[in-house]
Amino acid sequence: MSAIWTTLLGLGDKLAAHVLLSAAAIALGIAVALPLAVWASRSEPVARATLGFASLVQTIPALALLALFFPILLSLRAVFGEGLPTLGFLPALLALALYALLPILRNAVTAQVNLDPGVIEAAHGVGMTFWQRLRLVEAPLTAPYIMAGIRTAAVWTIGAATLATTIGQPSLGDPIFAGLQTQNWVLVLAGCIASAGLALVADALLGLIEKGLATRRRMLTFGGLAAVLLGILAALAVQFGDRGGDRIVIGAKGFSEQYILARLIGQQLEAAGYGVEYRDGLGSAVAHQAVSTGAIDVLVDYTGTIWTNQMERSDNPDRETMLAEIAAWETRTSGTHVLGRLGFENAYGLAMPRAAAEAGGFSSIGDLAGRAQAMTIGGDPEFFERPEWIAVREAYGLRFAARRNFSPTFMYNALTSGEADVIGAYTSDGRIAADGLVILDDPEGAFPNYDAIILLAPATGTDDALVGALEPLIGAIGVDAMREANYSVDRTEDKLSFERAAQRLAERIGQ
């Protein structure tokens, strides 16, 4: 319990960000839903269209809805300029506000439609205008029902806001995603407890306002409103009160190595006098787009990922040629600066338990071809959609009985539990040696090389002091050092934090 309590006390900035995002999304949802509800209550076609749209939004998984706003906002830069944010607060706000619409809108429309016709006729009879009826008659009568919808929307929004981590918005999802990645259940529980606690507090305060409106007791209503506003002001103070100027934003994809390398880069920059912040858990395509558009400043990416996913190349040249062509392509298409290789490769490879591989006579991917029809292959959430997998599948004629997606951490557990026979592993992962796995040879060279490289956003790459602070990392990290760092956060006992693992890695490479 002490570990959970200590972790909870360290989530102040994440809690503040979560409060501000949720409050802004609920406020925007209310601002959109209430006028629509008034209009819909007076027009059946409008009611069908608005409620149908709000219901449709609810059928879209929250994670997908959040991710969809990235390309939408990116395309809108042509209209609003390059300063339009594509990651972080804005896309999360828009997606969550859409999610908040349905309960508010449905309750408001239902309350409006079911008002006593006699009351409305009486208001007409005494000569009230539309706005007078709305303000003095309809609003007081429907307010308790609308508040019930707002309470539902608040709980939904606070829960869904944890997913904003995936598009670069700090939230209580940060410890949850990081904990799931490393099987650090203290982090997961702390994030869940904080999120659930926030939802319960918000529901209680909004319930106080609802009760005040229903019983016409202004003290309850204004007391609840005051408590909500104080909470938002406190979150604003935590979020912005101690910020000292611009910060370098370091992006990280959603696996342990990326978290560690982001902290290593952050520590290098802090030592050089820069302020830093992190955007963790980004998908590959989102992360690359983010650095190329300046939404983040620094990213560690991999040559094979850029070569196949962004450049859509299917050939497989040597690593020097590949790096040179990637650097030229990045400069030509976006101005992104390739600082250089870190010194190790984190390639995809098909892995099996060593005992199973030896017993079955599997030493190369080709050995799977004749027997894959009776086997299950596992991969991370994007593996089976990547061009590299398609190239390997076609090069060796692989046809597995089943394919299963796992988070990177649970993917390794799937081998030991028998849920998968083969997985698409990462060759720099410490769990390969720790779990007694073997990477099958790739004699056809279907997997490209995956040298880890540092990418700098177009404007960031012109900062000579920043470049100088990061240059000592180029060529400094061997694969053994990276495997050790990865395993230090992934092992089941004596786990290190990402920050401590980065410090240990820096000590090992002499930084």
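Guide: Keep in mind that this is a predicted model. Begin with the setting. The chain has 21 helices and 10 strands. Of its 511 residues, 50% are buried. Its C-alpha atoms fill a box of roughly 90 × 55 × 50 Å along the principal axes. Among contacts with a separation of 6 or more, 75% join residues 24 or more positions apart.

Now go to helix H14. It runs over residues 319-333, which makes 15 residues. From its first C-alpha to its last, H14 reaches 21 Å. That is close to the 21 Å expected at 1.5 Å a residue.

Which residues of H14 are buried? They are Met322, Leu323, Ile326, Trp329 and Glu330. These residues lie on the same side of H14, because they cover an arc of only 130° around the axis. An α-helix has 3.6 residues a turn, so residues three or four places apart point the same way.

Turn to the other side of H14. There, Thr331 and Arg332 are exposed.

What covers the buried residues of H14? The cover includes two helices, H12 (284-293) and H13 (303-310). Strands E4 (337-345) and E10 (451-456) are also part of the cover.

How values were computed:
Residues are numbered from 1 along each chain as its sequence is written. This is a predicted model: local features need pLDDT of at least 70, side-chain atom pairs count only at pLDDT 80 or more; totals for chains, interfaces and linings use all residues. Side-chain values use heavy atoms; hydrogens and water are left out. Helices (H or I, at least four residues) and strands (E, at least two) are DSSP runs, numbered from the N terminus. Buried means under 20% relative accessible area, exposed over 50%, partly exposed in between (1.4 Å probe, protein chains only). Contact means heavy atoms within 4.5 Å. The expected span of a helix is 1.5 Å times one less than its number of residues. The arc is that of the directions from the helix axis to the C-beta atoms.
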